[in-house]
Amino acid sequence: MAEESVQRWKGTVSTKLEKTRAEQAWPLVKDFFNLHKRYPTLPTCYGVHGTNGEPGCIRYCAGSTIPSDDGSESVSWSKERLVAVDDADRSIKYEIVESNIGFKSYEATMKISDDGSNGNGCVIEWSFEVEPVQGWVFEDLQTKYREGLQLMGTKMEDEIATMLNGGC
């Protein structure tokens, strides 16, 4: 009897940062333990294992925008392991190792590239693969990621502008 293979959801979203070069945005994406500083709907993120930005490190993330599996918990959480960091390619790959949000076999890559125009901007691309999530429609999940990434891009530009203007 052959095993039935599960068709994985695969999605990619991106956002353009008009005033931020790729080399400026890269350290913020690589700052794996501090996603909450840039992802507005994620109030909690901190390291639970390893060194920030090094493959093998694990972060704990918690919020409420993606509901828990059974809806019984008001806080949704995940533990995510950084699998790979490529400084030359400006990309990170990570996976969810434990969660209460129903994501199984979740893997994602975030990549920063030059926008190809005037050299002053960059593009952040977030690709993910996950087994279908009960109670979700793929398009809704992809929209949630797109909107979150756009907000993240705005926060990153604001943070970099503040640093460049001598702010803390």
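Asp-31 is placed in the loop between H1 and S2, where helices (H or I, at least four residues) and strands (E, at least two) are DSSP runs numbered from the N terminus. The model is a predicted one, in which local features need pLDDT of at least 70 and side-chain atom pairs count only at pLDDT 80 or more, while totals for chains, interfaces and linings use all residues. Residues are numbered from 1 along each chain as its sequence is written, and side-chain values use heavy atoms, with hydrogens and water left out. With a relative accessible area of 17%, Asp-31 is buried, a class that means under 20% relative accessible area, as against over 50% for exposed and the range in between for partly exposed (1.4 Å probe, protein chains only). The side chain of Asp-31 makes a polar contact with the side chain of Asn-34 at 2.8 Å; such a contact is a pair of N or O atoms within 3.5 Å, of which, within protein, one must be able to donate a hydrogen and the other to accept it, and residues adjacent in sequence count only if both atoms are side-chain atoms. When residues up to four places away in sequence are not counted, Asp-31 touches Arg-38 and Asn-52, contact being defined by heavy atoms within 4.5 Å.

The strands form an open sheet of 7 members in the order S1-S7-S6-S5-S4-S3-S2, with antiparallel pairing, two strands being taken as paired if DSSP finds at least two bridges between them. S1 and strand S2 (44–49) stand at the edges, each with a single partner strand, so one side of each is left without a neighbour in the sheet. On average, neighbouring strands of this sheet are turned by 25 degrees against each other, direction ignored; axes are lines fitted to C-alpha atoms, for helices over the stretch in contact, and angles run from 0 to 180 degrees between N-to-C directions.

The antiparallel pairing of S6 with S7 extends over 8 bridges, and Ser-113 stands opposite Val-123 in S7.

H1 lies across S4, S5, S6 and S7, and runs at about 160 degrees to S6. H2 packs on the sheet by touching S1, S6 and S7, and its direction makes about 25 degrees with that of S1. The buried residues of H1 (residues 22–30) are Ala-22, Gln-24, Ala-25, Trp-26, Leu-28 and Val-29, and these pack against strand S4 (76–86), strand S5 (91–99), strand S6 (107–114), strand S7 (122–130) and helix H2 (138–164). Within H2 lies Thr-143, which is partly exposed, with a relative accessible area of 31%. The C-alpha atoms of Thr-143 and Val-13 are separated by 8.5 Å, although the two residues are 130 residues apart along the chain.

Tyr-94 touches, among others, Phe-32, Arg-59, Leu-82, Tyr-106, Met-110 and Trp-126, residues up to four places away in sequence not being counted.

A search of the whole structure finds 0 disulfides, a disulfide being a pair of cysteine sulfur atoms within 2.5 Å. For Cys-45, the nearest cysteine sulfur is that of Cys-61, 3.6 Å away. Cys-45 is buried, with a relative accessible area of 5%, and Cys-122 likewise counts as buried, at 0% relative accessibility.
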